[in-house]
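Thank you all for coming.

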Amino acid sequence: MQIALQKVKASEPYSFSETVNVSDLSEMDQDIRKISDVEVNGEATLEQGIYTFRLSVDGTMILPCARTLVDVPYPFHVEAYELFTTESYKASEEEEIHFIDREVLDLTPYIKENILLEVPIRVFSEDTKIEDVVGEQEGFTVLGEDEYLEQDAMQQEKFEQEREQKQKVDPRLSSLKQFFENDKK
């Protein structure tokens, strides 16, 4: 998305609206499986040699579900302010004022940067259940909550029985018990 600085000087505030292809973001960020063209709206002003661009970016990206890895459409909206100047002494990293050495400004890298900052850490699909994706495979089975509670109760019962058996003394060794009682006295 290129904007001629002369247009900004001529009609202030300069409004613009354009659809931008940012599909190469899916190659830059492994979490983005696909991203649609984004709609960029904004306006630019010039004050004391500093161009201020207010951007509004809307689009949809496809991200993997954190639970099931199915595709989840994630709509996003980004509001951004970018500052530019043609005067090198006004450019500053602290205040994030970018230096421009041309008469035409390409906003695409700044749009991509702001979109990448909006990618969430994880998303969840509301429609998909783990049973729909995994099912039963070799070595494991997906259990429902009721099945899990039933199995857990059986395992607890089995554990209690094993503990009781360990506490029972072998009748052949019961005479040794009296030996230790005499020692304590």
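This is a predicted model: local features need pLDDT of at least 70, side-chain atom pairs count only at pLDDT 80 or more; totals for chains, interfaces and linings use all residues.

Let me begin at the surface, where L143, Y148 and L149 form a nonpolar patch with about 280 Å² of accessible area together. Residues are numbered from 1 along each chain as its sequence is written, and side-chain values use heavy atoms, with hydrogens and water left out.

A patch here is made of residues with over 30% relative accessible area and no salt bridge, where like charges are joined within 9 Å and nonpolar side chains (Val, Leu, Ile, Met, Phe, Trp, Tyr) within 5 Å. The areas come from the Shrake-Rupley method with a 1.4 Å probe, and for residues only the protein chains shown count as cover. Y148 is found in helix 5, residues 145-167; helices (H or I, at least four residues) and strands (E, at least two) are DSSP runs, numbered from the N terminus.

Is Y148 buried or exposed, or does it fall in between? Y148 is partly exposed, because its relative accessible area is 47%, and buried means under 20%, exposed over 50%, and partly exposed in between.

E150 lies in helix 5, and with a relative accessible area of 55% E150 is exposed.

Let us turn to the strands, where two strands pair if DSSP finds at least two bridges between them. Strand 4 (residues 38-47) runs antiparallel to strand 5, and nine bridges join them, with A44 having F53 as its bridge partner in strand 5. In the hairpin that these strands make, two residues lie between them, and Q48 takes a positive phi near 55°, although Q48 is not a glycine. Q48 is also exposed, at a relative accessible area of 67%.

Strand 5 pairs in the antiparallel sense with strand 6 (residues 71-85) as well, over 15 bridges, and L55 stands opposite A80 in strand 6. This hairpin has six residues between its strands, and L69 in the turn has a positive phi of about 65°.

Which parts of the chain do the salt bridges connect? The structure holds three of them, a salt bridge being a side-chain nitrogen of Lys or Arg within 4 Å of a carboxyl oxygen of Asp or Glu. K112 and D24 meet at 2.6 Å, N to O, and this pair links distant parts of the chain, with K112 in helix 3 (residues 108-117) and D24 in the loop between strand 2 and helix 2, 88 residues apart. K112 counts as buried at 16% relative accessibility, whereas D24 is partly exposed at 29%.

D71 and R33 meet in a salt bridge at 2.4 Å, N to O, and they too link distant parts of the chain, 38 residues apart, with D71 in strand 6 and R33 in the loop between helix 2 and strand 3. Finally, R163 forms a salt bridge with E160, their closest N and O atoms being 3.6 Å apart, and both residues lie in helix 5, three residues apart, about one turn of the helix.

Key. Buried means under 20% relative accessible area, exposed over 50%, partly exposed in between (1.4 Å probe, protein chains only).
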